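Colleague: Before we discuss the model, please show it to me. I shall then ask for the grounds of each term you use.

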Amino acid sequence: MPEWFVIVLKSVILLIVLFFMTKWLGKKQISQLNIFEYISGIVLGGIVAIHTIEPERNIFYGIIAMFIWFIVPFAVEFIALKSKSFRNFTQGKSTVLIQDGKIMEENLKKEGYSTDDLLEKLRDNDIFLASDVEFAVLEPSGSLSVLPKKENQPLTAKDLGLKLAPEKEPQTVVMDGKVLLEPLANLSLNTNWLETELDKLNVSIENVFLAQADNNGQLTIDLYDDKLTVPQPTEAKLLLATLKKCQADLELFALETNNIQSKELYERNSRKLQHATELVQPYLK
Amino acid sequence: MTVGSQVKSCYSSIKSVEAGLSLLASKTQDVETQNKFNEAQKIVTTVKEELKQQVTQLAKQEPQYK
């Protein structure tokens, strides 16, 4: 066998082995790897590199070495998954740096964190005043997680007591001009529905680059032809407007009429419509 | 527009709202949303019924505009 062919063969074999090993080692991002995983990754790469460019080396030795460097981190990760104390040992524990708004100087010292380091990490979290922090903890990965004091937290709908309609993930129903049947079925819709909706918008399916439907069955699309403007879905808004208009009309009738019985009827129904509007308003947006 | 035709137009708007609500109720996937739409639709239906009687009554009072 010519030497170049040996190199090709070994490269391909080692490439395949390396691919599966990294796949089994898990989906962690490079930044989430701890030192141990990081080093074993480099060693694995090194073994592969040495064995591919030197044809006279025995490939099985290479594979054995790779296997060891693969199985040990794999086993460590597996045991760490099962045992909390082992996990604390291999992956480290988090350290509380700020508790009840007070900086823990002892813990700062223990982690080798200077005051500047702490302030820098807080600024990373968009906090410039240390007294705005209720609780901060240094994660084993080295990042600082910060819980601001309640008054410094962003305002949410819950704080305002607003009632919001639940929102599910939208489904992509057309991609590159092709209908995707599975997402359509997830919304319990069919191609007929899609055709009708596209007809309403006056576009043909070949011209649709992307179409998404939300869980209320509203369709939003993007066309290949960017010169065409696509109308936004208005169905729900229109309905809300009509409902409000009817309610206002009834109020007007109640004011206009002199017949006491009719007046009462209009007022009663206007109140009913008001109630109905309040019921559905969060959902019609 | 006479009072009769005004009420009539309001009546037809109400009918369209009722249909719109039942359409949305059938289209949505979320049970809670569906319940809210159905509830609102029931209210709108009662309003529609009462208004319908009013329309007939007004038509009797204004036969010349019928």
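**Terms and their grounds**

Colleague: Which residue is the bridge partner of A:Gln99 in E2(A)?

Modeller: The bridge partner of A:Gln99 in E2(A) is A:Lys102. This is a predicted model, in which local features need pLDDT of at least 70 and side-chain atom pairs count only at pLDDT 80 or more, while totals for chains, interfaces and linings use all residues. Residues are numbered from 1 along each chain as its sequence is written, chains are lettered from A and ligands numbered from 1 in the order in which they are written, and side-chain values use heavy atoms, leaving out hydrogens and water.

Colleague: Why is a run of two residues called a strand?

Modeller: Strands are DSSP runs of E with at least two residues, helices are runs of H or I with at least four, and both are numbered from the N terminus. By that count, chain A has eleven helices and eight strands.

Colleague: How do you know that chain A is more spread out than a compact globule?

Modeller: The radius of gyration is taken over C-alpha atoms, and the globule rule is 2.2 Å times the number of residues to the power 0.38. For 285 residues the rule gives 19 Å, whereas chain A has 32 Å, well over that value, so it is more spread out than a compact globule. Along the principal axes, the C-alpha atoms fill a box of roughly 105 × 60 × 40 Å.

Colleague: Which domains are given for chain A?

Modeller: Domain bounds come from an automatic or database domain assignment. The assignment gives domain 1 (3-89), domain 2 (95-152), domain 3 (171-233) and domain 4 (236-283). The centres of domain 1 and domain 3 of chain A, taken over C-alpha atoms, are separated by 46 Å.

Colleague: Which strands does E3(A) pair with?

Modeller: Strand E3 (residues 133-138) pairs with strand E1 (residues 95-99) of chain A over three antiparallel bridges, with A:Thr95 opposite A:Leu138. E3(A) also pairs with strand E4 (residues 144-148) in the antiparallel sense, over five bridges; there A:Ala136 stands opposite A:Val146. E3(A) and E4(A) form a hairpin with five residues between them, and A:Gly142 in its turn has a positive phi of about 100 degrees.

Colleague: In what order do the four strands of the open sheet lie?

Modeller: The order is E6-E5-E7-E8 (chain A), with antiparallel pairing. Strand E6 (178-179) and strand E8 (219-223) are the edge strands, as each pairs on one side only. Within the sheet, strand E5 (residues 171-175) and strand E7 (residues 208-213) share four antiparallel bridges, and A:Thr172 has A:Gln212 as its partner in E7(A).

Colleague: How do you know that helix H9 (residues 191-201) of chain A packs on the sheet?

Modeller: Contact means heavy atoms within 4.5 Å. Helix H9 touches E5, E6, E7 and E8 of chain A, and its direction makes about 65 degrees with that of E8(A). Axes are lines fitted to C-alpha atoms, for helices over the stretch in contact, and angles run from 0 to 180 degrees between N-to-C directions.

Colleague: Why is A:Ser270 said to be buried?

Modeller: Buried means under 20% relative accessible area, exposed over 50%, and partly exposed in between, with a 1.4 Å probe and protein chains only. A:Ser270 has 4% relative accessibility, so this residue counts as buried. A:Ser270 is found in helix H11 (residues 260-280) and, leaving aside neighbours within four places in sequence, is in contact with A:Gln247, A:Leu250 and A:Glu251.

Colleague: What category does A:Glu256 fall into?

Modeller: A:Glu256, in helix H10 (residues 235-256), has a relative accessible area of 48% and is therefore partly exposed. A:Thr52 has 13% and is therefore buried.

Colleague: What makes E5(A) largely enclosed?

Modeller: Four of the five residues of E5(A) are buried, so the strand is largely enclosed by the rest of the structure. For chain A as a whole, 28% of the 285 residues count as buried.

Technical notes:
Two strands pair if DSSP finds at least two bridges between them.
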